[in-house]
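Please keep the sequence and the structure in view while you read.

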Amino acid sequence: IENERRVLDSLSSIGLRSAKTPQVLGQSESGVYSLLFVSSLSARSVRAPRRFTVAHQQFLDELEYRTKPSGLATVTLRESIQPVATCLNRNQDLVGVSRYSIVERVCDFLYAFPELDIPSGLGHGAFKPRHARLLNGELLVSGWGGAGYRRSLATDLVRFELALPSLAMTDEKRAQRLA
């Protein structure tokens with residue numbers, strides 16, 4: 001809860017243009033529980049998207065650009081790709097053989113450059129369709145409890161693609177998209 005509060009406060013000060021995020025209204029502490037009160041992003045239920053859209057990409061790009069560390073605090077490709085590989089390995093049964101083999105080849109290629117510095121920033125940590133809904137062309141992003149700094153947008157992109165309904169695209173198309 002404390003991490004989510006800090007991240008939401010930070011996002012509030014950044015003023016993202018590509019998405020709307022919850023605002024912290026208050027926090028309550030008791031001996032056992034900690035409660036975080038945040039604003040609602042929508043007065044009505046909004047369905048989760050069935051595909052990764054330009055709005056999602058613009059959000060990830062802006063988030064990375066506006067929260068990237070200054071100076072020499074870059075992330076190596078090895079640090080960045082490790083959570084992606086771990087996520088894929090944990091979800092190997094859901095990914096399907098053809099998709100997994102293509103993405104595994106891409107990861108193997110990337111591992112050839114483990115010390116390459118890549119841009120990083122604030123990663124959502126649970127960027128899935130249910131946390132990134134579209135309402136009248138506006139992206140509403142919730143569920144910031146697992147967010148963290150010094151992450152690549154690649155991890156959030158892979159999580160989003162893996163969480164899409166399997167009917168939305170074939171295994172081959174999804175594998176090409178992830179690659």
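## An exposed loop residue

Asn136 is exposed, because its relative accessible area is 71%, and the terms used here are set by cut-offs: buried means under 20% relative accessible area, exposed over 50%, and partly exposed in between, with a 1.4 Å probe and protein chains only. Asn136 lies in the loop between strand E6 (132-135) and E7, and it has a positive phi of about 50° although it is not a glycine.

The model is predicted, so local features need pLDDT of at least 70 and side-chain atom pairs count only at pLDDT 80 or more, while totals for chains, interfaces and linings use all residues. Residues are numbered from 1 along each chain as its sequence is written, and side-chain values use heavy atoms, with hydrogens and water left out.

## The chain as a whole

The protein chain holds seven helices and eight strands, where helices (H or I, at least four residues) and strands (E, at least two) are DSSP runs numbered from the N terminus. Of its 179 residues, 42% count as buried. Contact means heavy atoms within 4.5 Å, and among the contacts in the protein chain with a separation of 6 or more, 74% are between residues 24 or more positions apart.

## Helix H6 and its two partners

Nine of the 11 residues of H6 are buried, so this helix is largely enclosed by the rest of the structure. The buried residues of H6 are Leu153, Thr155, Asp156, Leu157, Val158, Arg159, Phe160, Glu161 and Leu162. Two packed helices are described by the angle between their axes and the distance between the axes. Axes are lines fitted to C-alpha atoms, for helices over the stretch in contact, and angles run from 0 to 180 degrees between N-to-C directions.

How do H2 and H6 pack? Helix H2 (residues 54-67) and helix H6 (residues 153-163) pack at an angle of about 155°, with their axes 10 Å apart. That makes H2 roughly antiparallel to H6, since angles over 145 degrees count as roughly antiparallel, under 35 as roughly parallel, 65 to 115 as roughly perpendicular and the rest as oblique. The contact is made by His56, Gln57, Leu60, Asp61 and Glu64 of H2 together with Leu153, Asp156, Leu157 and Phe160 of H6. These residues of the contact of H2 with H6 divide into four nonpolar, two polar and three charged; here Ala, Val, Leu, Ile, Met, Phe, Trp, Tyr, Cys and Pro count as nonpolar, Asp, Glu, Lys and Arg as charged, and the others, Gly among them, as polar.

Helix H3 (residues 77-90) and H6 pack at an angle of about 15°, with their axes 8 Å apart. That makes H3 roughly parallel to H6. The contact is made by Ser80, Pro83, Val84, Cys87 and Leu88 of H3 and by Ala154, Thr155, Val158, Arg159 and Leu162 of H6, and the residues of the contact of H3 with H6 divide into seven nonpolar, two polar and one charged.

## The nonpolar cores

In soluble globular proteins, nonpolar side chains tend to be buried together. A nonpolar core is a set of buried Ala, Val, Leu, Ile, Met, Phe, Trp, Tyr and Cys residues joined through side-chain atoms within 4.5 Å. In the largest such core, which has 21 residues, Leu11, Phe59, Phe127 and Trp144 touch the most other members. The elements that give two or more residues to this core are helix H1 (2-14), H2, strand E7 (138-141) and H6, and the largest share, four residues, comes from H1. A second, separate core of nine residues includes Val84, Leu88, Tyr100 and Val158.

Leu8 belongs to helix H1 and is buried, with a relative accessible area of 2%. Leaving out residues up to four places away in sequence, Leu8 touches Pro22, Val24, Val38 and Trp144. The C-alpha atoms of Leu8 and Val24, 16 residues apart along the chain, are separated by 6.7 Å.

Leu77, in helix H3, counts as buried at 10% relative accessibility, and Leu77 and Tyr111 are 34 residues apart in sequence and 7.6 Å apart in space, C-alpha to C-alpha. Gly145 sits in the loop between E7 and strand E8 (148-151) and is partly exposed, with a relative accessible area of 43%. Gly145 and Glu2 are 143 residues apart in sequence and 8.4 Å apart in space, C-alpha to C-alpha.
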